[in-house]
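Biologist: Could you take a close look at one part of this model for me, the chain written second? Please give the cut-offs as you go.

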Amino acid sequence: MSPEMVSQLSVGGSTLVLLGGLMMLWRRGVAAHIGAFTFQSVALAATMAMVGWFAGDWQLWAVAALLLLVKGIGIPLLLKRMERRFGSERELEPYVNTATSLLIGGLLVLLAYIVTAPLVSVSRLPTRTGMPLAIGLVFVSLFIIISRKKALTQVLGFLMLENGIALLAVLGTHGIPIIVEIGVFLDVALGFIVMQVFVYQIHETFESIDVEQLNRLRE
Amino acid sequence: MTVTSAPFLALLLPPLVAALLALVLPPRRFLAGVAHAALALVSLGAALGLIHLVLDGETPTWGPTDLFRVDALSALLALCVAFVTALAALLGPGPGRDQHYTPAQIRRFRVFASLFAFTMLVAVTANNVGVMWIAIEATTIVSAVIVPLTVSKASVEASWKYILIGSVGIALAFVGTVLGYFDFVTLVGPRESALNWTVLLANARVLHPPVIELAFVFILIGYGTKAGLAPMHTWLPDAHSEAPSALSAMMSGVLLAVALYAIIRWKAVVASVVGPVFPNRLLIGLGLLSLAIAALSLVIQRQYKRLLAYSSIEHTGLMCMGLALGPLGVFASMLHLVNHTVAKSMMFFLSGRILDRYGTPEIGSVSGLLRVMPWTGGLFAAGMLALLGLPPFGMFLSEFTLLRAGFADGLGGLMAVVLVFLAVAFVSLLGHLNRMLYGAAPAEMRVGEGSRWDVLPLAGCVAALIVLGIAVPAPMTALLHRIVEIAGR
């Protein structure tokens, strides 16, 4: 693969990953949100495998396979189980409406290009062209978390934030040391499981997963 | 450099063994409690041993590519973590206490509190910034599990805010870590040890300032969220007040310090890349904001555990500012950290005793504390005076030194503002304390101390605070001077 092609593939792959995040903003159903996350994780694994092929690094292939297994299959399965329980709780009235959300999402990606200018200018890797999109996904995920009301949507926002960071790491550095990578995976998986337990707990205690009712502790 | 595994194993293994034992032993057995406490004391002994090694001029390392490394800063933090863990093992949920926890709850608490201690100890002894990040992220997960030990609407709400805000914050710290690694790899090439402090510091001069500045902003927001720095502090008063008291003690007493530790490590790297002005400005800004918000929030609090939580934000803010005030400021900040660890963990244990007896978290419903529980009330008063920075307690000395460092740095105006906020905190805390100590005890309140042996270690904490206030022990001073060499650049 020529560097130009890798550069274009990086932008293409990153765009698909970012698109997964933006889909969260215009779709409202729980199933659509889970679909967006699954799509994003598969796109991320593919991008990672592509970089691994280019860099000739078998460790990246292993990480991509692990990612596909955990975030492309495992977590979506658990999410589907949650959907059966909370599927009726759609994001009907987020704090920010769809049109404004998409506008803000666009502005956040633009901001990401400005913030990452120094990164892109110092790197010599052909994959660096996708880095602004990765930071863009980080910003969009943060926006999802603060502008949506259902606990499940917030969990998805958090998972997407992690995807954004993984994308940033693979594009900018062609993979962080494997021991750190595995630890991060463990943390994400454990964190997700605990969050999932809490979502069930919120539902049991408050009879809905709308976080707007979590307003007792205030003064 | 010595390569020895013994002190590391003695420090890190006991909490893991304790978690396993708690899982299999019946929690109501006396022996289970003894084993739990004994293991925590082994860890504490190991931390003291590490301090001894460090004072002898050694820097113990362990593991492939020096995965673990203990210098003076790590040793001090390890001591703080092991100290509070031991207190929590001695005084935490168990049989024979006023608190009524079911065996299942006692087991859950012991398992996860031990894992919590383990993750914090790994965080402060890891040489690799990636491993440190993994450990700090794990602290959120394992501690969040036991925040709602007793399920109620308030505790579920608090745990949700804690895990969501904590995880998101720490994820941002990882963005910063990746950016730091990115810059290193871009310049030096990929290397397994590139995420080690020692390697990052050694190569600091060639790193790109704009990239590292961006990385530090992410790191400060990320770890700052865990440290409870404003404006990312919103989860803290909820989680610290709704958690079981022994967990509150661990979270307020040392978790905040562990997060601050991560900031100190990165600050040293950033300061050698771009100079001290940039990180110092950010640290002073966030520290002052935390101090201001905490001081003003203290005035309107109605619950005593929330009062203590806001006081933690106040003191973390002070420590954060101290880090930016030159070598003397770093010295004061670290001394303050030790004082705060002792004072705040003690106060949360005492507030747990008060909560058990009065059955209410409201300040307004607690009165006549000195008459109802003379020892608990007396120690609570002493602890509060210590937190206010009054002599003869240690915080008087550390706050005074911190202010002196600020004036010496030519930041007199800023220090005046700090004094104003300290005065606000002083007046409001004293008012709240008065309301609790005196007055008539509620009718039919049982008088006298319950589980009276528990008072002993807490009285020991007050004694330690007085010692730290009259004359800082020579080994502690030596340790702090070494920390200044590491972090005071």
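Modeller: Let's start with burial: a residue is buried if 20 or more other C-beta atoms (placed from the backbone) lie within 10 Å of its own, exposed if 12 or fewer, and partly exposed in between. This is a predicted model, so local features need pLDDT of at least 70 and side-chain atom pairs count only at pLDDT 80 or more, while totals for chains, interfaces and linings use all residues. Residues are numbered from 1 along each chain as its sequence is written, with chains lettered from A and ligands numbered from 1 in the order in which they are written.

Take B:Thr65, then. B:Thr65 has 16 C-beta neighbours inside 10 Å, so it counts as partly exposed. You'll find B:Thr65 in the loop between strand E1 (61-62) and strand E2 (68-69) of chain B (strands are DSSP E runs of at least two residues, helices are H or I runs of at least four, and both are numbered from the N terminus). B:Thr65 isn't a glycine, yet its phi is positive, near 45 degrees. B:Asp66 sits in that loop between E1 and E2 too, and has a positive phi of about 50 degrees without being a glycine. B:Asp66 is partly exposed because 18 other C-beta atoms lie within 10 Å. Most residues other than glycine have a negative phi, and most peptide bonds are trans.

Now for the cis bonds. From B:Ala230 to B:Pro231 the peptide bond is cis, with omega near 0 degrees; B:Pro231 lies in the loop between H8 and helix H9 (236-242) of chain B. The bond from B:Pro391 to B:Pro392 is cis as well, with omega near 10 degrees, and B:Pro392 belongs to the loop between helix H15 (374-387) and helix H16 (394-408) of chain B.

What about helix packing? Helix H13 (residues 326-358) and helix H18 (residues 455-470) of chain B have axes that come within 10 Å and cross at roughly 155 degrees (axes are lines fitted to C-alpha atoms over the stretch in contact, with angles from 0 to 180 degrees between N-to-C directions). H13(B) and H18(B) are therefore roughly antiparallel, the word for angles over 145 degrees. H13(B) brings B:Val338, B:Asn339, B:Val342, B:Ala343, B:Met346, B:Phe349 and B:Leu350 to the contact, and H18(B) brings B:Leu458, B:Cys461, B:Ala464, B:Leu465 and B:Leu468 (in contact means C-beta atoms, placed from the backbone, within 7 Å). By class, that makes eleven nonpolar residues, one polar and no charged; Ala, Val, Leu, Ile, Met, Phe, Trp, Tyr, Cys and Pro count as nonpolar, Asp, Glu, Lys and Arg as charged, and the others, Gly among them, as polar.

Setting aside neighbours within four places in sequence, B:Met250 is in contact with B:Val84, B:Thr85, B:Ala88, B:Ala113, B:Phe116 and B:Leu255.

Last, the side facing the partner chain. Chain B puts 40 residues into the contact and chain A puts in 38 residues. On the chain B side, the elements giving two or more residues are helix H5 (129-146), helix H6 (153-188) and helix H8 (209-227). H6(B) gives the most, with 19 residues. The chain B side divides into 28 nonpolar, six polar and six charged residues.

Technical notes: Two residues are in contact if their C-beta atoms, placed from the backbone, lie within 7 Å. Angles under 35 degrees count as roughly parallel, over 145 as roughly antiparallel, 65 to 115 as roughly perpendicular and the rest as oblique.
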